[in-house]
Amino acid sequence: MSDSLHTHKPEADHDHDHDHDHDHDHSHKLQPVLKHAHGGHGDSCCSANVAAPSRVKLSESPTAGARLSSFRIEAMDCPTEQTLIQNKLGKLAGVQQLEFNLINRVLGVTHDLPNTAPIIEAIKSLGMQAEPLELGVEAPAPAVEKKPWWPLALSGVGALLAEVIHFSSAAPNWVVAIIALVSILSGGLGTYKKGWIALKNFNLNINALMSIAVTGAILIGQWPEAAMVMFLFTVAELIEAKSLDRARNAIGGLMQMAPERATVRQADGTWVEQDVKTIELGARVRVRPGERIGLDGEVLSGTSTIDQAPITGESLPVEKTVGDKVFAGTINQAGSLEYAVTAAANHSTLARIIHAVEQAQGARAPTQRFVDRFSKIYTPAVFILALAVAVIAPLFMGALWFDWIYRALVLLVVACPCALVISTPVTIVSGLAAAARKGILVKGGVYLEGGHKLDYLALDKTGTITHGKPVQTDYLLLVPGAEASAPAIAAALAGRSDHPVSLAIASAAVDKQLAPLTVDNFEALAGRGVRGEVGAQVYYLGNHRLVEELNLCSPELEEKLFALEKQGKSVVLLLDQSGPLALFAVADTVKESSREAIQQLHDLGIRTLMLTGDNVHTAQAIAAQVGIDEAKGDLLPSDKLQAIEALYAQGHHVAMVGDGINDAPALARAEIGFAMAAAGTDTAIETADVALMDDDLRKIPAFIRLSRQTSSILKQNIVLALVIKAVFLGVTFAGLATMWMAVFADMGVSLLVVFNGLRLLRK
């Protein structure tokens, strides 16, 4: 697998504030305390005006005694709380770095404080409780808080009743005010509390803006409207929270694919069901037909077919026999299997996939960084504009104070950047989850979004386009009468060598069930072949160079050898003292999926380049078989890197796919590095930009299509949010908008962009 370390990447978009170094860290260092838990929901994430990064560095030079402390914060479930915590702890001396995991509601704080009391007190001042977690202990799944329904119902009834009484004049204004106040307090107390905390910390988030708007409406006597606005806002927040749960927990279903219990063989030979978390490495586990596999392992006995779709995205079951790997969460379809456990439950391939996607969700994509920077300017600007609207016309134009204050309050509600901020993370998270379902592990939004720019794909040959395992493709008898003996003699000599070409010939003999022969006085001839005695007769099995050294070559043989080598095949000959007896050709065969993948890439407008260490003839032959545009052979790792650099110099956006350590420099330099067949491999999952969980190249065009769709939806959401805001701002200035209409407009746009982003999750 690729061992590349992505230490440098070309970036089109960087933040230039204190946190820019942490927006694009490749998510390669998976945090030990932020474990694989899912579930829960709280208030809507749209209540953010700034989505902070998942890892924030507050000090450029960490002290030697710094340590990591982790806290569970139930109230920290969206970027609103994240921003408040970041701003608060950023002022606390001794705090050096913050690591946010909003899905699990876990905060990691790197600090050199003597104890964690100041951190807990600082978070408490924000109206949140921080529960310390022991280092290395898996965080439990967030609890689902079930809120009573009656306060919201009371708020709705009160708001509606206040509107009806006000319009019908059926009661005095003080009655309307009391009913409206009951409605506001029963439905909006949480919003007011959050708004007050935000204002105390100089943070103009949606809760602060909404609190100001409702309070302003009360002060100018618009009691029914204030109640209706607060009720509609609370309902919209609830609907949006439910919608966001689907995006934030999109891969949560993967966690349920691994069973909680498995059948384990005990020391006395009996079989007992155990919790998978208690099963030790090396334990022998049995799985019956139809059961899900509980842990990663290696088959010890039995044969079966396994549905590996949860891990690799493969649509067809895969045959498994002794020595093959099996993965937690996959389904045993046919026979009974027994396997040895190779990874603990919290380190299985499935767990690593889930954890990697969780980490990727925290890494901001370029569009999200743009939106965040835009919001930092936009929100204060809107607040200043609202103040200007409320004051300028009455002071300098003799307009009515009531009318313009009301318009300013409507402006505060409708201009909230909520929809704009939430549109990008929902879309990115949905795209990451959709990719994971296809067996494509994307290590961050930057790669998911950047994939649509690609116009060139460089590919390694062995193990990427081909199977990486040579097989015998040709056999030609050169001396009549040796039909029976030649294959058996060649197999006997090849069986004593560990060279890939020899192994292919020996394997072909096994398939033909040839009787084994004894070889005496065996000798390996470096770089040429082997020599040995079979039945007191000396034989050679070697390459073209060996034939030349023995002076046994001829023009006719040269012609045969050249024809096969031109096809990209390696040729060996069986010889005795008199001359060549038989010819064997070996080649690394092309995967059927490779041809289809290259065609799909061409259909998407992506040009292809093969980079291989094999000879030029082989490279060109394989490239011709699968339809690759250009092939370069005889390349060292540094040559592959230079080929990538040359494409960059021509203005191309380049990705690289490979599965070997000699591809590492090129993989690291490419804009996106794809690692092949990453299932069950720690290194590939943790270091690749995009890990393809099986060895099917067709996942690359699938990734590019998903990237293009993600990019399209991101643009749609931004345009949709800005256009509707602009239209409604015009309506507000014209005096035609009411506050409850503004809430519908603002939250309506938020729901639209959320649902649009969720389209990526559709199968």
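**Stop 1: the second largest pocket**

Select helix H15, residues 500–511. This helix gives four residues to the lining of the second largest pocket, the largest share. Keep in mind that you are looking at a predicted model.

Now show the whole lining. The pocket is lined by 36 residues. To find the middle, pick His 499, Val 501, Ser 570, Val 571 and Val 572, which lie nearest the centre. The volume of this second largest pocket is about 840 Å³.

Colour the lining by class. What do you get? There are 13 nonpolar, 15 polar and eight charged residues around the second largest pocket.

**Stop 2: the second largest cavity**

How many cavities of 30 Å³ or more does a search of the whole structure find? It finds three. Go to the second largest cavity, with a volume of about 50 Å³.

Select its lining: Gln 472, Pro 487, Ala 491, Ile 505, Ala 508, Ala 509, Lys 512, Leu 514 and Phe 584. Which helix supplies the largest share of this lining? H15 does, with three residues. H14 and H15 each supply at least two residues of the cavity lining.

Colour by class again. The lining of the second largest cavity has seven nonpolar residues, one polar and one charged.

**Stop 3: Arg 407**

Next, select Arg 407. Its place is in helix H11, residues 401–414. Show what Arg 407 touches, leaving out residues up to four places away in sequence. The partners are Val 389, Thr 732, Phe 733, Ala 734 and Gly 735.

Arg 407 and Thr 738 are 331 residues apart in sequence. In space, the two C-alpha atoms are 8.1 Å apart.

**Stop 4**

Select strand S11 (318–320) and strand S13 (331–332). Together they make an open sheet in the order S11-S10-S13, with antiparallel pairing. S11 and S13 stand at the edges, each with a single partner strand, so one side of each is left without a neighbour in the sheet.

Which residue stands opposite Ile 306? Pick Asn 332 in S13, and you have the answer.

Note on methods. Residues numbered from 1 in each chain as written. Predicted model: local features only at pLDDT ≥ 70, side-chain atom pairs only at ≥ 80, totals over all residues. Heavy atoms only, no water. 1 Å grid on protein atoms, 1.4 Å probe; cavity = no way out; pocket = protein on both sides within 12 Å on 5 of 7 lines; lining within 4 Å. Points joined across faces, edges and corners; volume = space filled by probe spheres on them. Nonpolar A, V, L, I, M, F, W, Y, C, P; charged D, E, K, R; others polar. Contact = heavy atoms within 4.5 Å. Pairing = 2+ DSSP bridges.
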